[in-house]
Amino acid sequence: MFFGVTMEKILVIAVIAALIVGPERLPRYAESLAHWTTRARDYLRTARSRVKEEMGDDFSDVDWRTLDPRQYDPRRIIREALLDDAPVPTVRAAAAGAAIASTASEPLRPAVFRPGETPPFDSEST
């Protein structure tokens with residue numbers, strides 16, 4: 001079951017609780033337990049319906065198992081990324097690279113200043 005609690009342990013706890021509570025108060029406690037169980041079930045049902053209502057039609061399309069953080073193993077992710085093939089250049093990327101190469105008449109060179117010469121300064125840029 002949950003948290004290592006089996007059905008036998010729940011049965012033992014119920015018998016001990018019945019002995020402690022006593023036969024005269026047991027029906028009242030059982031009724032209040034049933035009442036709280038019903039209220040919790042109704043609360044969960046309304047919460048689920050509100051989430052579906054807020055999420056819209058896409059709620060049923062979500063695969064919740066893919067969002068489970070326990071499935072993410074960093075070693076596996078890195079291994080898969082390293083084993084993937086290198087991206088293949090597309091026609092659009094090749095055309096963009098050719099356009100850039102054809103428009104550049106000469107490569108950009110850094111500005112060289114002589115000693116004592118001050119570089120231009122824009123006071124509005126800072």
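Helix 2 has 30 residues, and its first and last C-alpha atoms lie 43 Å apart, close to the 44 Å expected at 1.5 Å a residue. The expected span of a helix is 1.5 Å times one less than its number of residues. Helices (H or I, at least four residues) and strands (E, at least two) are DSSP runs, numbered from the N terminus. Gly56 follows helix 2 and has a positive phi, near 85°.

The model is predicted: local features need pLDDT of at least 70 and side-chain atom pairs count only at pLDDT 80 or more, while totals for chains, interfaces and linings use all residues. Residues are numbered from 1 along each chain as its sequence is written, and side-chain values use heavy atoms, with hydrogens and water left out.

The chain has four helices and zero strands, giving the pattern α-α-α-α along the sequence. Helix 1 covers residues 7-21; its 15 residues should span 21 Å at 1.5 Å a residue, and the end C-alpha atoms are 21 Å apart, in agreement. Gly22 comes after helix 1, and its phi is also positive, near 95°.

Of the 126 residues in the chain, 2% are buried. Buried means under 20% relative accessible area, exposed means over 50%, and partly exposed lies in between (1.4 Å probe, protein chains only). The chain exposes about 12600 Å², of which carbon and sulfur atoms supply 63%. Accessible areas come from the Shrake-Rupley method with a 1.4 Å probe; for residues, only the protein chains shown count as cover.

Side chains of opposite charge can pair when their charged atoms come close. The structure holds three salt bridges, a salt bridge being a side-chain nitrogen of Lys or Arg within 4 Å of a carboxyl oxygen of Asp or Glu. They are listed below.

| Asp42 | Arg45 | 3.2 Å |

Asp42 and Arg45 are three residues apart in helix 2 (residues 26-55), so about one helical turn separates them. Asp42 is partly exposed at 37% relative accessibility, and Arg45 is partly exposed at 47%.

Arg76 and Glu80 are four residues apart in helix 3 (residues 74-83), so these two are also separated by about one helical turn. Arg76 is partly exposed at 29% relative accessibility, and Glu80 is partly exposed at 42%.

Next come the rings. Arg28 lies over the face of Tyr29, 5.7 Å from the ring centre. A charge sits over a ring if NZ of Lys or CZ of Arg is within 6 Å of the ring centre and within 35 degrees of the ring normal. The structure holds zero aromatic pairs.

Val51, Met55, Trp64 and Leu67 make a nonpolar surface patch of about 400 Å². Patches are made of residues with over 30% relative accessible area and no salt bridge: like charges are joined within 9 Å, nonpolar side chains (Val, Leu, Ile, Met, Phe, Trp, Tyr) within 5 Å. Leu67 lies in the loop between helix 2 and helix 3. With a relative accessible area of 51%, Leu67 is exposed.

How values were computed:
Phe/Tyr/Trp six-rings, centres within 6.5 Å; stacked < 30°, edge-to-face > 60°.
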